[in-house]
Amino acid sequence: MSTQVSDQTDDESSASEAETAPAAQQRRMEKKRQRAAEAAEKRQADEAEAALADEETYHLKVFRYDPEIEGKKEPRFDDFHVPYHKGMTVLDALMYARDTYDSSLTFRHSCRQAICGSDAMFVNGSQRLCCKTQLSDLEEPVRVEPLPHAEVVKDLVVDLEHFYDQMEAVEPYFQTNDLPEGELEEQRQSRENREKVKMSTRCIWCGACMSSCNIAAGDNEYLGPAAINKAYRFTMDEREGEDMKQQRLEILEQEHGVWRCQTQFSCTTVCPKDIPLTEHIQELKREAVKSNLKFW
Amino acid sequence: MYEHDVIVVGAGGAGLRAAIAAQEEGADVAIVSKLHPVRSHTGAAEGGINAALREGDSWEDHAYDTMKGSDYLGDAPAIETLAKTSPEEVIQLEHWGMAFSREEDGRVSQRPFGGLSFPRTTYAGAETGHQLLHTMYEQLVKRGIEVYDEWHVLDLAVSDEEAPKDRTCHGVVGYDVQSGNIEGFRARDGVILATGGLGQVYDHTTNAVSNTGDGVAMAYRAGAPIEDMEFIQFHPTTLPSTGVLISEGVRGEGGILYNEAGERFMFEYGYASNDGELASRDVVSRAELNEVNAGRGIEDEYVHLDMRHLGEERIIDRLENILHLAADFEGVDALEEPMPVKPGQHYAMGGIETDENGETCISGLYAAGECACASVHGSNRLGGNALPELIVFGARAGYHAAGRDLGEAEVTTGKRGDWEPGEVETPVEPGAVEPDVEADASDAVADGGSGLDSEEFVERATERATEHVESLLANDEGRNHAEIRAEVQQSMTEQVNVFREEDALKQALRDIREAREAYQDVGVADQSRTFNTDLLQTIETRNIIDLAEAITLGALVREEFRGAHWRQEYQERDDENWLKHTLLSWNDGSPELWFKPVILEGEEKRYEPKIRSY
């Protein structure tokens, strides 16, 4: 035994050693019932308090659906009244609602700083990252729904398989035949060229653009703005060389590639990283035309 | 049951690099991760990757700076491996297309960082981690490496020999988040844990919500020792409202810290008369809190970080991401006004004890990245040293697990010849509330397994994990994990923060004990098998409790002031008694404390402890 227990201040823990297993079990059950009652009371009090102090709360209407649970199979909206503090985001409000009122409320989130891309949702009719959307910028009640044009798995979680498949359909990896001699030599890239591809490299795969795109909604095979932007990132990178550029343009020129885009700009409007997606798609169209005209 | 040669748990920088390396070595490798790879927290790293790439710099200097930064608690063989290997790994990333910032001549840019004797921090704007994560994920796609994404690993399948060093890891148990199915994953050659940080032990952290230290806790409960857990790095520049990180790159480029009176306190009050804002992170964090405690903080909480004087062009070129973070999360236009900043939990220097090949003392079990303690950071990690650690030790773990001979490791793991037992007085009993019962329910070590073959071990572990999940779901009116978690996080932030003193540490142990007892009644209200985050967070909360306790035990026993570990009662670094690593082993639910000496012998020289001055 390497640790020593000094001044025993907690008499409950010393009691537990002497108790028999059933007694301990009973004690736990007792505690559990007591806590459940307390928690229910607290929940009601919190809700009531929040609803009363109207100017200090935000009213959220949150989409709910669970294919498995009786009573939740029918999609519905739940109302949550969340106490507001300055700087509170939609994600903060969802977490508060989940942790305080209903632990089954389900949504993806992780970094809460707009880099993991997992909490893109449909908030007041627009695709947004919940973590970087301030409640104070929104009209009440704040409607939170899963991303449109994707299958809902549960509550605010959608199936992203199709989105990932499209992202991976454009050979989304660097390919070059021009590596320098010598192990510790990097390939040179001009500052201008890095600047050109910089915005395209900022994509965090949140799927907001794809969800906002009418064309993608009607054509399941359309590569979509995110995947085309990923292709742009490599097509425009001078380190890949001309041959590779041609190969990439061929992928992009296919029937469900860049030519499907009708420049509605909805992807550009919703992109949380301000990537000029529509412009990138148009630029690739121009490159495709140029390359086809090359031998005329 | 799924089967692969090598199974990597976690898909951040270390996990991706490990998987690529294992595949290069010819292994059939799969990644099991609770997040899709591009969602991993490596993406949030901002500052850069240290590597000695330029004339005038050398791997020896990088190693020396790292040893000094570690306050002489790093192991020389691991540090030298890091410094020697990072140049080729960084160039490898460039060859994979990573969008590094560039110099006029087209070469990758480097900038100064705290504690470095040469500007060797290679970077991609202030989004280096994002670029690194995506570049490596692209390579994964290119190679067709299998990923089980949104599979939460519940447990390890480890055999139950008496001594951890005689045990073998045969695989893991995964929980498919989308369907709720539980499946065994057998690893023929090895399991590599790359599960990242444990910042969620604290309530003010730069870490993602997913950083709950799952890998460290699983390995600990399976018998692998965890090392130097008391050394938690607090980053001096996090946004007060959220904990979002403001990169050290801001200070690297010349950003200045001011107190409420507009004084440049790093110099004015003598915290770091040489290096000012670019002193090491522990020094700057303490300075900021001292200012706040002396009544010179702003709103009694934070200080100002000013980068306006750098000019818009330079800021946009090198720190653009910082402008977005300050605006989105603090409502501050950093081109027009200074940013509010305060220290926040940022990084765990400690973790699963490994050697420089990523191996733990359990056969077939590896760890790399933040969840591991290869002992390169000692008691304080230098900025820009986390990303090279990921790629260097991720790669080595991958190669080694897949069978490449990397030579014998010099760092030892498990209780070898030179370990010594430790003792600490605690106000309450640490460890499991009912050790024997818990050993069945959630410890990783299989029961009565001596006659079992590898598949049977994985099956047994799967059955055990299934029972555990069923029992959590059965208790649908039990305590809510969120409440228990919040109590631990608050206690840790109040008692086991930048400044530490004995009474507070003991209070933290009492609070953690209370949380453990509350957790006995934890239950899951959501009864759905589909995407049950209530269940997963309940499981994560157990990990948070175990790790909070380990951090606090380490902090209580280490009676000295070293690196990030500041103790009220002990204001000196004590090389005579404390040039050693703290280790904790979980023996059937009871934490055992022991020590092993630091290795200061490098390849050609011995690192002599010197006073750190910045």
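The legends below describe close-up views of a predicted model. Local features need pLDDT of at least 70 and side-chain atom pairs count only at pLDDT 80 or more, whereas totals for chains, interfaces and linings use all residues. Residues are numbered from 1 along each chain as its sequence is written, chains are lettered from A and ligands numbered from 1 in the order in which they are written, and side-chain values use heavy atoms, with hydrogens and water left out.

**View 1. The interface of chain B and chain A.** Contact (heavy atoms within 4.5 Å) links 94 residues of chain B with 76 residues of chain A. The two chains bury about 7,200 Å² between them, 45% of it on carbon and sulfur atoms; buried area is the accessible area (1.4 Å probe) that two parts lose on being put together, summed over both. In chain B, the residues that lose the most area to chain A are B:Arg39, B:His95 and B:Arg102, together 10% of what that side buries.

View 2. The rule finds twelve salt bridges between chain B and chain A, each a side-chain nitrogen of Lys or Arg within 4 Å of a carboxyl oxygen of Asp or Glu. A salt bridge joins A:Arg108 and B:Glu150, with the closest N and O atoms 2.6 Å apart.

**View 3. B:Gln131 in helix α4 of chain B.** Helix α4 of chain B holds B:Gln131; helices (H or I, at least four residues) and strands (E, at least two) are DSSP runs, numbered from the N terminus. B:Gln131 is buried, with a relative accessible area of 4% (buried means under 20%, 1.4 Å probe, protein chains only). Its side chain makes a polar contact of 2.8 Å with that of A:Thr201. Leaving out residues up to four places away in sequence, B:Gln131 touches A:Thr201, B:Met98, B:Ala99 and B:Ala124.

**View 4. An open sheet of six strands in chain B.** The strand order is β17-β15-β10-β22-β23-β18, with mixed pairing. The edge strands, β17 (372-373) and β18 (420-421), each pair on one side only; two strands pair if DSSP finds at least two bridges between them. Strands β10 (residues 226-227) and β22 (residues 580-587) of chain B pair in the antiparallel sense over two bridges. B:Glu227 has B:Leu583 in β22(B) as its bridge partner.

Note on methods: Buried means under 20% relative accessible area, exposed over 50%, partly exposed in between (1.4 Å probe, protein chains only). A polar contact is a pair of N or O atoms within 3.5 Å; within protein, one must be able to donate a hydrogen and the other to accept it, and residues adjacent in sequence count only if both atoms are side-chain atoms.
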